[in-house]
Amino acid sequence: MLDKRKKKILQAVIDEYINTAEPVSSGTLVKKYGLDYSSATVRNELAELENFGYLDKPHTSAGRVPSEKGYRFYVDELLNDQDISIEEIKYIQSKLSTKVNEIEELTKITSSTISEITHYTTVAIGPKANMQIIEEIKFVLLGSRMLMVVIVTDNGLVKETIIKYDKDITASQVETLNNLFNSKLKGKPLNKIDKPMEEYILSEITYSVDVIKPIIEQINKVIDEENKIYLEGANKAFDLPEFKSLEIAKNFVNILDTKDLVLDMLNSGIAKDINVYIGEENDNEQLKDFSVVTFKHSVGDKDLGTIGIIGPKRMDYSKVISVMKYISKKMNEKDI
């Protein structure tokens, strides 16, 4: 267990390194952080923190940099989770006050707001299909041969698609479709619109398969889009010193291009918690040079999906977590 002095010095080292990306010396700490210790005392403490594994010493520098163990202790024990300015609070409030009709809009706004304030890359996904209950399926005739299908879930998710036919569809047929699909699917999880359900509906109706089959196919196609990934601020990463390394920059681009990896990254963690994974703590080898912070965002009891930030291990955790906590609080006050 670290004593008070070591904690204070470790926090100063990490704060300074996050700000400058340069190894931190004892002299810098004494001058900039108002430590009531001599340079010799600080040097001794830095050496001990290095021996304990909280700091590393680059070969070409007399200063120290945080290790992954140091960052973890900082996040768990030293972090200020109120690191958010009045201007940032006002900006978040103005962005989240925008009236939205669909979850996708709110996810985009939230992701872009986090990226704009933190200057890191955000990725987001909506709620899982198996967590959403169908509230209504509505069929609307747009023309004699064009039908719009709208699916509304209990989370406020709205999915819609348009189907074109070679033959005329009547208003009477549309009314029957509305009654049929709602009687069979209302109150069921979204992912229940599968092959067995298709066979069940087809066996229950007297309509031509030519009318029903395209509806099932289009609904399935829309549901498959549930894993759509929202990406904001990818270009911001390349302003960071770490990304001057061609290997790290290429790896970062590959991560964002690999949908399954991004989904795994966002689907890990505990619901409604902020989760922080630093370097080697990430399960996937490709993420070992990065830190990932994720949180499940919701409005009341409505799950809206997961938003994550990916950045260097020298991430400003204090700012990131403060912004996420404040946004999470404001989202829970929102009504959609």
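Author: Lys-6 is buried at 8% relative accessibility, where buried means under 20% relative accessible area, exposed means over 50%, and partly exposed covers what lies in between (1.4 Å probe, protein chains only). The model is a predicted one, in which local features need pLDDT of at least 70 and side-chain atom pairs count only at pLDDT 80 or more, while totals for chains, interfaces and linings use all residues. Residues are numbered from 1 along each chain as its sequence is written, and side-chain values use heavy atoms, with hydrogens and water left out.

The side chain of Lys-6 meets that of Glu-48 in a salt bridge, 3.3 Å from N to O; the term stands for a side-chain nitrogen of Lys or Arg within 4 Å of a carboxyl oxygen of Asp or Glu. This pair links distant parts of the chain, with Lys-6 in helix α1 and Glu-48 in helix α3, 42 residues apart. Helices here are DSSP runs (H or I, at least four residues), as are strands (E, at least two), numbered from the N terminus. Glu-48 is partly exposed, with a relative accessible area of 34%.

A second salt bridge joins the side chains of Glu-45 and Arg-5, at 2.6 Å from N to O. Glu-45 belongs to helix α3 (residues 39-51) and Arg-5 to helix α1 (residues 4-20), so this pair ties together parts that are 40 residues apart in sequence. Glu-45 is buried, at 4% relative accessible area, whereas Arg-5 counts as partly exposed at 35%.

Elsewhere, Glu-88 forms a salt bridge with Lys-319, and their closest N and O atoms are 2.9 Å apart. Here the link runs between helix α5 (residues 86-96), which holds Glu-88, and helix α12 (residues 317-333), which holds Lys-319, the two residues being 231 apart. Both partners are buried: Glu-88 has a relative accessible area of 17%, and Lys-319 has 14%. A search of the whole structure finds 14 salt bridges. As a general point, side chains of opposite charge can pair when their charged atoms come close.
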